[in-house]
Amino acid sequence: MESPNDLTGLGITIGSHLERGEEYSGLTLVTLDSLTVLLQYVDLKRTFRFLHVMVNRVKSAGAIGHYHMDPDAHDEQTVTTLASVFDAVARYEDGEWRITSR
C-alpha cells in the first residue's frame, strides 16, 4: 500500500483475496496486525467504520477474522468502541486468557 491511511485500498486488497479464497477448499483466515498501528494513521471514527465493513465482508466470505491491538496503548473508550465490532474479544491478563463474547 502506498499510504498507511488508505483504508479504501486496504479494503479492496482484502476483498480481492477473500474472493480468490473461495476458489480453494479449506478455511480462510484474515489477520489485521495491528489496529494499534492503524490508529496512528486513521482516526477512531474511520477505523470503526472500516472494521465494521471488513468484519461483515470476512463473515460473508465464510472466513475468520483475527484482529490485534495493544489495549494498553489506547484509552478505554477506544478499546470499548472497537471491541463492539467483534463477536469475541480475547485479552491476556495476569498470565491467563480471558475471552468475552457478545
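Contact, in this presentation, means heavy atoms within 4.5 Å. With that settled, I turn to the structure above, which is a predicted model, so to speak of its local features a pLDDT of at least 70 is needed, side-chain atom pairs count only at pLDDT 80 or more, and totals for chains, interfaces and linings use all residues. Residues are numbered from 1 along each chain as its sequence is written, and side-chain values use heavy atoms, with hydrogens and water left out.

I begin with a single residue. Thr78 touches Leu39 and Leu44, when residues up to four places away in sequence are not counted. Thr78 sits in helix α4; helices here are DSSP runs of H or I with at least four residues, strands are runs of E with at least two, and both are numbered from the N terminus. Is Thr78 buried or exposed? Its relative accessibility is 11%, so Thr78 counts as buried. For that term the cut-offs are under 20% relative accessible area for buried, over 50% for exposed, and partly exposed in between, with a 1.4 Å probe and protein chains only.

Next, the packing of two helices. Two packed helices are described by the angle between their axes and the distance between the axes. Helix α1, residues 7-21, and helix α3, residues 44-60, have axes that come within 11 Å and cross at roughly 10°. The axes are lines fitted to C-alpha atoms, for helices over the stretch in contact, and the angles run from 0 to 180 degrees between N-to-C directions. The two helices, α1 and α3, are therefore roughly parallel to each other. Angles under 35 degrees count as roughly parallel, over 145 as roughly antiparallel, 65 to 115 as roughly perpendicular, and the rest as oblique.

Which residues of α1 and α3 meet? On the α1 side they are Leu7, Leu10, Gly11, Ile14, Gly15 and Leu18, and on the α3 side Arg46, Phe50, Met54, Arg57 and Val58. By class, the residues of this contact of α1 with α3 divide into seven nonpolar, two polar and two charged. Ala, Val, Leu, Ile, Met, Phe, Trp, Tyr, Cys and Pro count as nonpolar, Asp, Glu, Lys and Arg as charged, and the others, Gly among them, as polar.

Rolling a probe the size of a water molecule over the atoms shows where empty space is left. On a 1 Å grid over the protein atoms alone, a pocket is an open set of points with protein on both sides within 12 Å along at least five of seven lines, whereas a cavity is a set of points where a 1.4 Å probe fits but cannot get out; lining residues have an atom within 4 Å of a point.

The largest pocket holds about 810 Å³ of space. Its lining has 26 residues, and Tyr67, His68, Ala88, Val89 and Ala90 lie nearest its centre. Two or more lining residues of the largest pocket come from each of α3, β2, α4 and β3 (88-93). Strand β3 gives the largest share, six residues. The lining of the largest pocket has 17 nonpolar, three polar and six charged residues.

The second largest pocket holds about 270 Å³. Among its 14 lining residues, Leu10, Leu32, Asp33, Ser34 and Leu38 are the closest to its centre. At least two lining residues each are supplied by α1, β1 (29-32) and α2 (35-41). By class, this lining divides into 10 nonpolar, two polar and two charged residues.

Ser34 belongs to the loop between β1 and α2. Thr31, in strand β1, is in contact with His66 and His68, leaving aside neighbours within four places in sequence.

Finally, some loop residues. Met69 lies between β2 (64-67) and α4 (76-83), and at 24% relative accessibility it counts as partly exposed. Beyond neighbours within four places in sequence, Met69 is in contact with Leu35, Thr36, Leu39, His74, Val79 and Leu82. Asp87, in the loop between α4 and β3, is in contact with Lys59, Thr100, Ser101 and Arg102, under that exclusion of neighbours within four places. Asp94 lies in the loop between β3 and β4 (96-101); its phi is near 55°, a positive value in a residue other than glycine. At 81% relative accessibility, Asp94 counts as exposed.

Methods. Points joined across faces, edges and corners; volume = space filled by probe spheres on them.
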